[in-house]
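Please read these notes with the model open beside you.

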Amino acid sequence: MAKVIVTGGAGYIGSHTVVNLIEQGHEVVCIDNFFNSHQVMWRHLEELVDRKVPQYNIDLTDATAVDKVFSEHKDAEAVIHFAARIYVGESVEKPITYFRQNLNSMLNVLESMAKYGQKTFIFSSSCSVYGNAEELPVTEATPFGLAESPYARTKQMGEQIITDFVRANPSVQGVILRYFNPAGAHPSGQIGEAPQLEQTHLVPIIMEVGAGHRKELTVFGGDYPTRDGSCLRDYIHVSDLGSAHTRAVEFGLEKAATKSTNNPSIFNLGSGDGVTVLEAVKAFEKVTGQDLPHKIVEPRDGDVAAIFATTTKADQELGWTPQYSLEDIMRSAWAWEQARPSKLKA
Ligand SMILES: NC(=O)c1ccc[n+]([C@@H]2O[C@H](COP(=O)([O-])OP(=O)(O)OC[C@H]3O[C@@H](n4cnc5c(N)ncnc54)[C@H](O)[C@@H]3O)[C@@H](O)[C@H]2O)c1
């Protein structure tokens, strides 16, 4: 059992991870300023795990406030750093905000870790570090591509900072997790994706169309070199990501105990399978038994035709394989779509 400081733990992936960590017997301390999440959701999370979970409402760019939390939890052994601004389009418009927020938050956390002696740092990276990869599927050895946005660049820079940090602080094991396309919701229907800001992800937008909140799904591009001409991505259930983080904490602590010099470790977290936008539409229709209005329009600037992961390394070294299917993703996201309005009421 380890005490884990989780930044951004009230957000989409963070909240599912907090639940999994607690279910697996770990203790959690969360830092989140609810910039893109809801305080009421934290209460649903606490109901789900049937306990109070310490939560600090502070901005991670405030180094003094971050240091204070770490000083109060010197016995924490691990840190998972989710907190970041996450919108690709916004990052193109406001690059300085993204660099300032995402990098300063991370630097403050690393600085406190170095001071208080936590042993492993788990970082939320993204498949966006690969840019427009030439060879598919991408493996962890696929080199960084040209960053398509300042957001992607903050992930590349974040990974480089960790590499330098662990070289200078070899008692800390870095674990870099490159997520592909997180989707779905907790099977309980208690928590799910509920950003304060805009919704840009495909699966929740499909749900909003299904529920009649949007007229139709806009499919950008129908002539890509994929099975049916629509873009292909790798969807991973958010609860599978939750269990991957718990495993990553345990893995990082095991490596710290043996003073491993293979540091940091990098893992792709995807399903290992590509799904096109039109296949995702069909999966929704199969699960719900209702047609999903959609129209195919011109491709969008900056979209890559296809990207999906190999997950062999996570399977072999981390001992993690995803449990949920695309239909599970659709089923849980649909249940969350029905539950969400009442869950977000105070
Ligand atoms: N969702 C995806 O598709 C995806 C894909 C790849 C990588 N990621 C990465 O995973 C991480 C989590 O993503 P998510 O989808 O859960 O996002 P999210 O916005 O739901 O969660 C991020 C949380 O961090 C908090 N936060 C942000 N800035 C903060 C600050 N300065 N101080 C305190 N709290 C702050 C927000 O309030 C939010 O609760 C991010 O680093 C993101 O870049 C997400």
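1. Helix 1 (12–23) is mostly covered, with eleven of its twelve residues buried. A residue counts as buried if 20 or more other C-beta atoms lie within 10 Å of its own, as exposed if 12 or fewer do, and as partly exposed in between, with C-beta atoms placed from the backbone. Among the buried residues are Tyr12, His16, Val19 and Ile22. Helices (H or I, at least four residues) and strands (E, at least two) are DSSP runs, numbered from the N terminus.

2. This is a predicted model: local features need pLDDT of at least 70, side-chain atom pairs count only at pLDDT 80 or more, and totals for chains, interfaces and linings use all residues. Residues are numbered from 1 along each chain as its sequence is written.

3. Helix 1 reaches 17 Å from its first C-alpha to its last, close to the expected 16 Å. The expected span is 1.5 Å times one less than the number of residues. Just after helix 1, glycine 25 has a positive phi of about 95 degrees.

4. Which residues come nearest to the ligand? Of the 28 residues around the ligand, they are Gly8, Gly11, Asn36, Ser37 and Ala84. A residue is near a molecule or strand if its C-beta atom, placed from the backbone, lies within 6 Å of it. Helix 1 gives the largest share of this shell, three residues. Helix 5 (95–116), strand 5 (120–126) and strand 7 (181–183) are among the elements that each supply at least two.

5. Seven strands form an open sheet in the order 3-2-1-4-5-6-11, with parallel pairing. Its edge strands, strand 3 (55–56) and strand 11 (265–269), each pair on one side only. Two strands pair if DSSP finds at least two bridges between them. Strand 4 (residues 78–81) and strand 5 pair over four bridges in the parallel sense. Isoleucine 80 stands opposite isoleucine 122 in strand 5.

6. Helix 5 lies across strand 1 (3–7), strand 4 and strand 5, and runs at about 180 degrees to strand 4. Axes are lines fitted to C-alpha atoms, for helices over the stretch in contact, and angles run from 0 to 180 degrees between N-to-C directions.

7. Lysine 3, in strand 1, is partly exposed because 17 other C-beta atoms lie within 10 Å. Beyond its neighbours within four places in sequence, lysine 3 is in contact with residues including Glu27, Val29 and Asp75. Contact means C-beta atoms, placed from the backbone, within 7 Å. Lysine 3 and aspartate 75 are 72 residues apart in sequence and 7.0 Å apart in space, C-alpha to C-alpha.

Notes:
Contact = placed C-beta atoms within 7 Å.
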